[in-house]
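Follow the charged side chains through this fold.

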Amino acid sequence: MTIVGRVTTQKDYPVLWPMPTRWADNDHYGHVNNVTYYSYFDTAVNGWLMDATGTDIRELPAIGVVAQTSCQFLGSLSFPDRLRVGLRIARLGRTSITYDLAIFREDGDALELAATGSFVHVYVDDQTRKPIEIPEVIRSAAAQLVVE
C-alpha cells in the first residue's frame with residue numbers, strides 16, 4: 001500500500017496495537033498462515049475499541065459485523081515474531097466504519113511492514129441484525145483515528 005506515492009510506515013497510523021504471534025499461528029511451511037492475518041486485524045480492532053471506549057463492546061445494543069475485509073501480504077511472519085497492528089480510519093459513516101490496517105514485525109527498534117489491509121464494520125442491532133447507527137461511545141473513540 002502506498003500513500004501519495006510512498007510506502008506505508010508506522011507513522012501513518014495513530015495506533016500501533018501490540019500483537020504477539022502464537023506457536024499455533026505457524027502452518028506446515030513454518031510461517032504464519034494467511035488466514036491468521038485476518039485474526040490479527042480482528043483482534044486489534046476489537047481490542048482497541050474496548051480499550052479506547054472503556055466498554056465491553058459485546059454488551060452494547062449494536063454490534064459491529066465484518067462486512068468486508070482485504071489483505072495484501074508483503075512479508076513473511078513466523079512465531080515468535082512480535083507484531084504491531086497499525087489502525088486508522090479511512091471512513092466513519094452513519095452505520096459503518098472502514099479501518100485501514102497494517103501489520104508490522106518488530107525488528108529491534110524498527111518496524112518492518114508485513115501486510116496492509118482493510119476491515120469494514122457495519123453496525124447492526126444485536127437482536128434484529130438490521131443496520132443501526134454506530135453507538136456514540138464507539139463513534140467518539142473512532143473519530144480520533146480518522147485520517148484525511
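Asp-25 is buried in this predicted model. Its relative accessibility is 1%, so it falls under the 20% limit for a buried residue. Its partner is Arg-22, and the two side chains form a salt bridge at 2.7 Å, N to O. Arg-22 is partly exposed, because its relative accessibility is 48%.

Turn next to Arg-58 and Asp-56. Their side chains meet in a salt bridge too, at 2.9 Å from N to O. Arg-58 counts as exposed, because its relative accessibility of 65% is over the 50% cut-off. Asp-56 is partly exposed, with a relative accessibility of 22%.

Now go to the strands. Arg-88 and Asp-100 form a salt bridge at 3.5 Å, N to O. Arg-88 belongs to strand β5, residues 82-92. Asp-100 belongs to strand β6, residues 96-107. The partners are 12 residues apart, so the pair links distant parts of the chain. Which side of the burial cut-off does Arg-88 fall on, buried or exposed? Arg-88 is buried, at 6% relative accessibility. Asp-100 is buried as well, with a relative accessible area of 14%.

One group goes beyond a simple pair. Arg-82, Arg-84 and Glu-106 are connected in a network of salt bridges. In total, the structure holds 7 salt bridges.

Definitions and conventions
Residues numbered from 1 in each chain as written. Predicted model: local features only at pLDDT ≥ 70, side-chain atom pairs only at ≥ 80, totals over all residues. Heavy atoms only, no water. Salt bridge = Lys/Arg side-chain N within 4 Å of Asp/Glu carboxyl O. Buried < 20%, exposed > 50% of the residue type's maximum accessible area, 1.4 Å probe, protein only. Helix = DSSP H or I, 4+ residues; strand = E, 2+ residues; numbered from the N terminus.
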